[in-house]
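Q: Could we go through this structure together, beginning with the ligand?

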Amino acid sequence: MSAAKKEYKRITTKTLFEMKKQGEKIAMLTAYDYTMAKIVDHAGIDIILVGDSASNVMAGHETTLPITLDQMIYHASSVVRAIDRALVVVDLPFGTYQGNSRQALDSAIRIMKESGGHSVKLEGGAEISESITRILSAGIPVMGHLGLTPQSIYKFGTYSVRAREEEEAGKLMADAKLLEELGCFAIVLEKVPAKLAKEVAESVSIPVIGIGAGDGVDGQVLVTHDMLGMTHEFSPRFLRRYLDLYTEMGNAFKSYISDVKSKDFPNKEEQY
Ligand code: KIV
């Protein structure tokens, strides 16, 4: 299939569907603030995810569980103000949609109204199908998330690869087909074997975006702070680091401190 790159002015859920049909891979990154979102958007990214990974990356929590709906709305509205082209997907945080479809709808409506985001992402399959259906009934696009779902970390016990066993792989495939049938516009597949991810991507017509899910899916997502090398301590096998900003920023800060202490900064040209 041809991978010729068509220029898209503004990315919509329809564009993503078209990209999958044309065999063009979809590139997705996270952002949680205006400045980062502007750089990522202007670089030409297709989807910006305002992920609940903000709980780890921005707030320093061990898991994604503590972040609140209000905090997600704050991050998402900062991102939306920066965007000219990308589709903005906003994570519904833990506790705002599971087990109560009315609450799920209210949470999704708050995200759309108060942040201006374009769509929401929810973790899970059959167990949250009522919530997904209700959100979709309000005209809000939904992205699914299967495989390693960090909001369920206390159920899994570890962040290791999911669906290695046949039973879990079968449930994941059934969930992916269900998400497509319900009307989700895409699915994130996190940390599952590449062979299974490829089979899932080939079994559904909606785009499957992988993170640690190999090269047989329709697109890739990484946490921006990880791929920039700002988060030093996190080194999973799937992560490609494009910069070592932890070291580079540290060196810049050291130079600044040294320049201030030595009275080199500011010089005569740097004052009024
Ligand atoms: O919150 C997040 O950043 C995510 C990605 C890991 C897909 O859900």
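Predicted model: local features only at pLDDT ≥ 70, side-chain atom pairs only at ≥ 80, totals over all residues.

Q: Which residues are around the ligand?
A: They are Thr30, Leu49, Gly51, Asp52, Ser53, Asp91, Lys121, His145, Val188, Glu190, Ile211 and Val223, each with a heavy atom within 4 Å of the ligand.

Q: And how does that shell divide into nonpolar, polar and charged?
A: The shell has four nonpolar, four polar and four charged residues; Gly counts as polar here.

Q: How far is the side chain of Asp52 from an oxygen atom of the ligand?
A: An N or O atom of the Asp52 side chain is 3.0 Å from a ligand oxygen. For Asp91 the distance is 3.1 Å, and for a polar side-chain atom of Lys121 it is 2.9 Å.

Q: How much of the ligand does the protein cover?
A: The protein covers 94% of the 260 Å² of accessible area that the ligand has on its own, by the Shrake-Rupley method with a 1.4 Å probe.

Q: New topic: which ring does the charged end of Arg162 sit over?
A: The ring is that of Phe156, with its centre 3.8 Å from the charged end of Arg162. The rule asks for CZ of Arg within 6 Å of the ring centre and within 35 degrees of the ring normal.

Technical notes:
Residues numbered from 1 in each chain as written. Heavy atoms only, no water. Polar contact = N/O pair within 3.5 Å; in protein donor to acceptor, adjacent residues only side chain to side chain.
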